[in-house]
Amino acid sequence: MAASLRLRGAASGLRFWSRRQRPAVASLAVVCSRSMASKTPVGFIGLGNMGNPMAKNLMKHGYPLIIYDVFPDACKEFQDAGEQVVSCPADVAEKADRIITMLPTSMNAIEAYSGANGILKKVKKGSLLIDSSTIDPAVSKELAKEVEKMGAVFMDAPVSGGVGAARSRNLTFMVGGVEDEFAAAQELLGCMGSNVVYCGAVGTGQAAKICNNMLLAISMIGTAEAMNLGIRLGLDPKLLAKILNMSSGRCWSSDTYNPVPGVMDGVPSANNYQGGFGATLMAKDLGLAQDSATNTKSPILLGSLAHQIYRMMCAKGYSKKDFSSVFQFLREEETF
Ligand code: NAD
C-alpha cells in the first residue's frame with residue numbers, strides 16, 4: 001500500500017513530463033525471444049465482466065493462461081478448463097512474460113503492479129505488460145516508468161465495446177507505448193478485438209478512451225432527454241427513434257443502444273438495464289475526464305455536467321444498472 005500511495009502522489013506531477021516516450025531499456029535479445037515464443041503462457045489478471053470473455057478468446061487462439069483475480073470464484077471456470085490459477089500477481093509475472101491486466105480502477109491497477117505481491121516483485125526482463133483497464137493516463141505513465149526500471153515494457157490498451165463485443169472478439173483497443181513493441185502487443189490483442197489502433201506514447205490509449213467515453217455519456221444523456229421530451233409531446237417512442245436515426249440527431253446511443261424500453265431488443269433497456277456498462281464505471285470514466293481536463297486546462301462544460309449526473313445516479317441507486325438507465329433517472333426526476 002505504501003508503494004501505491006507513493007505512485008499515486010508521484011502521478012500528480014506527471015503533466016510536466018516530456019511528451020516523447022523514452023525507449024524501453026529491455027535488451028533486444030530478450031524482447032525477440034519473448035515475441036517469437038508465440039504460444040507460451042500469457043498471464044491474465046482481472047477476470048470480471050470484460051476479462052472473462054477476453055481471456056476465453058485467448059484460450060480459443062491456443063494460448064495457455066496463468067490466471068489471477070482477487071475474487072477466487074472468478075478463476076474457477078478457468079481452473080476447471082485446465083488453466084493454471086496462481087495466488088498473486090507476482091506469481092503470474094514469475095510464470096509468464098506477457099501479461100494482460102483488466103481491472104476496474106487506477107487504484108486496482110496500482111495494487112496489481114506495485115502492491116506487496118504485485119507484478120513488479122517478480123517481473124522478468126523483457127516482459128510485455130499490457131494494461132487494458134480504463135484508468136488515469138497519469139497513472140499509466142507512472143506504471144510504465146516503474147516497469148521500465150525493471151527492464152520490461154508497459155503498454156496501455158483500454159478497450160471500447162462492451163461485454164458483447166468482448167465475447168464476439170469485436171473490441172477496439174487503443175494502444176499507447178513504444179511503437180517498436182506494438183506488433184508484439186497486436187499479436188495478443190488481435191485475438192480479442194477487431195480493431196487494434198496505435199495511438200502514440202504511453203497514456204495516449206487512455207486519453208483516446210476517456211475522450212470517447214465522455215462523448216458517449218453526453219450523447220446518451222442527450223438521447224434520453226430527446227426521447228423523453230418526444231414521448232411527453234405525444235410521439236410513439238419507436239417512431240421517434242426511427243426518425244432520429246434517419247436525421248441529424250442520429251448517434252450510437254439512438255441507433256444501437258437506445259435507452260428507452262421497448263424501442264430495441266437485445267440492449268440493456270430491454271432488460272431492466274441489467275448487464276452492459278454500469279453507471280458506476282461511467283461515473284469513474286467521467287471523473288478521469290474531469291481530472292484530465294483540469295490538468296490540461298481544457299473546458300469540458302457538458303462533460304462536467306455528465307459527470308455530476310452519473311454521480312447523482314449512483315447515489316440514488318442506479319450504480320448497478322447500465323448507464324443507459326439515465327432515461328429512467330430522468331423520468332423519475334420529472335417532477336422538477
Ligand atoms: P469488473 O468489475 O466486472 O471486473 C474486474 C475484475 O478485476 C473483478 O473480477 C475483480 O475481482 C478483479 N480485481 C479487482 N482488483 C484486482 C486486483 N488488485 N488484482 C486482481 N484482480 C482484481 O469490471 P469490468 O466490467 O470487467 O471492467 C474492467 C475495466 O474495463 C474497467 O476499467 C472498465 O472501465 C473497462 N471497460 C468496461 C466495459 C464494460 O462494458 N464492462 C467496457 C469497456 C471498458
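Trainee: Which exposed residues does helix 4 carry on the face turned away from its buried side?

Mentor: Bear in mind that this is a predicted model, where local features need pLDDT of at least 70 and side-chain atom pairs count only at pLDDT 80 or more, while totals for chains, interfaces and linings use all residues. Residues are numbered from 1 along each chain as its sequence is written, and side-chain values use heavy atoms, leaving out hydrogens and water. Helices are DSSP runs of H or I with at least four residues, strands are E runs of at least two, and both are numbered from the N terminus. With exposed meaning over 50% relative accessible area, buried under 20% and partly exposed in between (1.4 Å probe, protein chains only), the face away from the buried side has D73 and D80.

Trainee: And how wide an arc do the buried residues of helix 4 cover around the axis?

Mentor: Helix 4 spans residues 73–80, and its buried residues are A74, C75 and F78. The arc is taken from the directions running from the helix axis to the C-beta atoms. They sit on the same side of helix 4 because that arc is only 80°.

Trainee: What covers those buried residues of helix 4?

Mentor: Cover here goes by contact, meaning heavy atoms within 4.5 Å. The elements include helix 3, strand 2 and strand 3 (84–85).

Trainee: Is P64 buried, partly exposed or exposed?

Mentor: P64 sits in the loop between helix 3 (51–60) and strand 2 (65–68). Beyond its neighbours within four places in sequence, P64 touches K39, T40, P41, V42 and E83. Its relative accessibility is 33%, so P64 counts as partly exposed.

Trainee: How much of the ligand's accessible area does the protein cover?

Mentor: Among the polar contacts (pairs of N or O atoms within 3.5 Å), a ligand oxygen is 2.8 Å from an N or O atom in the side chain of K284, and one is 2.9 Å from a polar backbone atom of M50. Accessible areas use the Shrake-Rupley method with a 1.4 Å probe. Of the 830 Å² that the ligand has on its own, the protein covers 88%.

How values were computed:
A polar contact is a pair of N or O atoms within 3.5 Å; within protein, one must be able to donate a hydrogen and the other to accept it, and residues adjacent in sequence count only if both atoms are side-chain atoms.
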